[in-house]
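Take a moment to look at the model before reading on.

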Amino acid sequence: MEKPIIATLALTVFGIGYWVAPKELLDEEVKHTGFLQVDTTKILAATVESLRAKNSLVVWSYKGTVKVRAHRERYWLLNGTQELIVHAVVDYRLDLSDLSSTYNEETKLVTVRLPKLVLSDVAFQPEEATIINGGSLSYSDDTVQELSKLSYRAARKGMVKQAQQAAMVAVAKTRAIENIERLFEYPLRAAGRPDVRVVAKFG
């Protein structure tokens, strides 16, 4: 599975790529329209296409802890319980294939429309988990395995619920906006357009 790019790495690589690009490459990507003037729309088009080719961008990662309890009962007499405390990580991603931008020459403003954030699957850290089994059925390996599946299923739901809290989503959106704005600003500055502002927004 292709690993998602990390925002900080993407910023560095993308920025350096424009700074060290040979003059011939810039002449192909940026049309000179006059003394110290460049075609900003071409820069933006190249930036959008480059980001779309990356497919996905991890803008923020949330690490949390979930505590759940699973229970199984048989024949009204036998029962088994399992308490699970486990750390997990959830990534917030942008689908860059849906990225779009517009440019207003009069106001020197680039507006980037961001798609909705997408949560990655929950990445548990079982090596750091605490598992407490109890009850008469806890001596059965099959029952313990069954309880473990139930516990992790509940833990996954719990982590997703944490990650969907308004405060967490707000942080992820802020990080997404900051990352995308920087990714657009680098090539503009490299092409001599520091006067152009970039505003990224959702919706």
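**A walk through the model**

Three strands build an open sheet with mixed pairing, in the order 6-7-10. Its edges are strand 6 (100-104) and strand 10 (197-202), each of which pairs on one side only. On average, and ignoring direction, neighbouring strands of this sheet are turned by 20 degrees against each other. Such angles run from 0 to 180 degrees between N-to-C directions, with axes fitted as lines to C-alpha atoms, for helices over the stretch in contact.

Some terms and ground rules come next. Helices (H or I, at least four residues) and strands (E, at least two) are DSSP runs, numbered from the N terminus. Two strands pair if DSSP finds at least two bridges between them. Strands of a sheet pair through backbone hydrogen bonds, either parallel or antiparallel. This is a predicted model, where local features need pLDDT of at least 70 and side-chain atom pairs count only at pLDDT 80 or more, while totals for chains, interfaces and linings use all residues. Residues are numbered from 1 along each chain as its sequence is written, and side-chain values use heavy atoms, with hydrogens and water left out.

How far can the prediction be trusted? The predictor gives each residue a confidence, pLDDT, from 0 to 100. The chain averages 82, and 80% of the residues score at least 70. Confidence is highest in strand 10, at 97, and lowest in helix 2 (residues 23-29), at a mean of 35. Over residues 1-37 the pLDDT is below 50, and this stretch has 44 contacts in the model beyond near neighbours in sequence. A contact means heavy atoms within 4.5 Å.

Now take in the whole chain. It has five helices and ten strands. Of its 203 residues, 37% count as buried. Buried means under 20% relative accessible area, exposed means over 50%, and partly exposed lies in between (1.4 Å probe, protein chains only). Among contacts with a separation of 6 or more, 77% come from residues 24 or more positions apart.

Return to the sheet. Strand 6 runs antiparallel to strand 7 (residues 109-114), and five bridges join them. One of these links N104 to its partner L109 in strand 7. Helix 3 (residues 40-54) packs on the sheet and touches strand 6 and strand 7. The direction of helix 3 makes about 170 degrees with that of strand 6.

Look along helix 3. Its 15 residues should span 21 Å at 1.5 Å a residue, and its end C-alpha atoms are 22 Å apart, which agrees. The expected span is 1.5 Å times one less than the number of residues. Which residues of helix 3 are buried? They are T40, I43, L44, T47, V48 and L51. These cover an arc of only 130 degrees around the axis, so they sit on the same side of helix 3. The arc is that of the directions from the helix axis to the C-beta atoms. Just after helix 3, N55 takes a positive phi of about 75 degrees.

Helix 5 (residues 166-190) lies across strand 6, strand 7 and strand 10. It runs at about 150 degrees to strand 10. Just after helix 5, G192 has a positive phi of about 85 degrees.

Pick out L188, which is in helix 5. Its relative accessibility is 1%, so L188 counts as buried. Leaving aside neighbours within four places in sequence, L188 contacts T40, I43, L44, V110, R193, P194, V196 and V198. Strand 4 (residues 56-74) and strand 5 (residues 78-95) run antiparallel, joined by 18 bridges. Here G64 has A88 of strand 5 as its bridge partner. Strand 5 also runs antiparallel to strand 9 (residues 123-134), through eight bridges. T81 has its bridge partner, G134, in strand 9. Two bridges join strand 5 to strand 8 (residues 118-119), again antiparallel.

End at Q162, found in helix 4 (residues 141-163). Q162 counts as buried because its relative accessibility is 17%. Not counting residues up to four places away in sequence, Q162 touches Y62, G64, T65, V66 and M168.
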